[in-house]
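The following note sets out some points for a colleague who is reviewing this model.

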Amino acid sequence: MTEIKRKGSRSTKDIPKDILEQLNRGEIETANLVEWLAVDQRLLLKNLLKQLERTAYLKPILTGIENLKKQTVNTINEAIGTGLFEQSLKNDDTEILTIMANHTSDLIRCWATYTIGKNQTLDIGQKLEQIQCFAADKHFGVREICWLAVRSSIAKDLTKSIEILSNWTNHKDENVRRFASEATRPRGVWCEHIEELKHNPGLGLAILEPLKSDKSKYVQDSVGNWLNDASKTQPDFVKQLCEKWKQESPTKETAYIIKKALRTIEK
């Protein structure tokens, strides 16, 4: 899968009609966040199920969306992914899961991540093993949704998760390395906090230490944000760690992470 080459529109009203129609049919990927937010997920779902001759799945999934307390892009995304997983179980339909995981549409691949996150028959090791290909996805949306899809499972089995993800910090793909940090952020974005890490951020050192001078800015941003999260509950831990890193790793990459980590404390 390659990076998007098409330049996306700057506002929803500027998206060409033919591009939006192709997005809603699942024929192309979104090129930026504006397009990602503009996709009509209900229509995309309807088109997918029609193409796959599985229209019987549509009504129960739409009902699930309507029953949401709050309808946002992310909650609808999760509801569709969960609904498709439930329908695949009910109809013994593993084929649809494979189709979704390899689909051209990034939104449909996002839905596929929840078929892993919601699968209660998988332990955390199996979930992380299956989610890694999505962590390595070339599309920003899939990379963001995939850690959200398994974050609650990570929080429930934190020790094992950190043990597994600490091995991801040496992965050749910067997107996989970034997942290890981003998925375990104490506060995170658009998600529940991990209370254990808020109060004892030292548990995450097995992930943070190998990344303290990572060459990728994408990874550096995540590590800096991880520590900034921790600084809101354990500022002394973060200050001491940054001081230690300053001595151990006098690189521009580490300096960038430290500045990002301390931005709230030093305001």
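**Notes on the predicted model**

1. By the rule applied here, the count of aromatic pairs comes to one. The partners are Trp168 and Phe179, whose ring centres lie 5.3 Å apart with 40° between the planes, a tilted arrangement. This pair links distant parts of the chain, with Trp168 in helix H10 (residues 158-168) and Phe179 in helix H11 (residues 174-182), 11 residues apart. The structure is a predicted model, and the geometry should be read as such.

2. Trp168 counts as buried because its relative accessibility is 6%, under the 20% cut-off. Phe179 has a relative accessible area of 2% and is therefore buried.

3. Thr113 belongs to helix H7 (residues 106-117). With 0% relative accessibility, Thr113 counts as buried. Leaving aside residues up to four places away in sequence, Thr113 touches Ile131, Phe134, Ile145, Cys146 and Ala149.

4. Glu53 sits in the loop between helix H3 (41-51) and helix H4 (58-66). Its relative accessibility is 75%, so Glu53 counts as exposed, the cut-off being over 50%.

5. Asp92 also has a positive phi, near 50°, and is likewise a residue other than glycine. Its place is the loop between helix H5 (73-90) and helix H6 (95-101). Asp92 is exposed, with a relative accessible area of 68%.

6. As to secondary structure, the protein has 16 helices and zero strands. Of the contacts with a separation of 6 or more, 67% are between residues 24 or more positions apart.

7. Overall dimensions can be compared with a simple expectation. For 267 residues, a compact globule would have a radius of gyration near 18 Å; the protein has 20 Å, which agrees. The C-alpha trace spans about 60 × 45 × 35 Å along its principal axes.

8. What share of the 267 residues is buried? Buried residues make up 51%. The protein exposes about 13,400 Å², and carbon and sulfur atoms supply 50% of that area.

Notes
Residues numbered from 1 in each chain as written. Predicted model: local features only at pLDDT ≥ 70, side-chain atom pairs only at ≥ 80, totals over all residues. Heavy atoms only, no water. Helix = DSSP H or I, 4+ residues; strand = E, 2+ residues; numbered from the N terminus. Rg over C-alpha atoms; globule rule 2.2 N^0.38 Å. Buried < 20%, exposed > 50% of the residue type's maximum accessible area, 1.4 Å probe, protein only. Contact = heavy atoms within 4.5 Å. Areas by Shrake-Rupley, 256 points an atom, 1.4 Å probe, with all protein chains shown as cover. Phe/Tyr/Trp six-rings, centres within 6.5 Å; stacked < 30°, edge-to-face > 60°.
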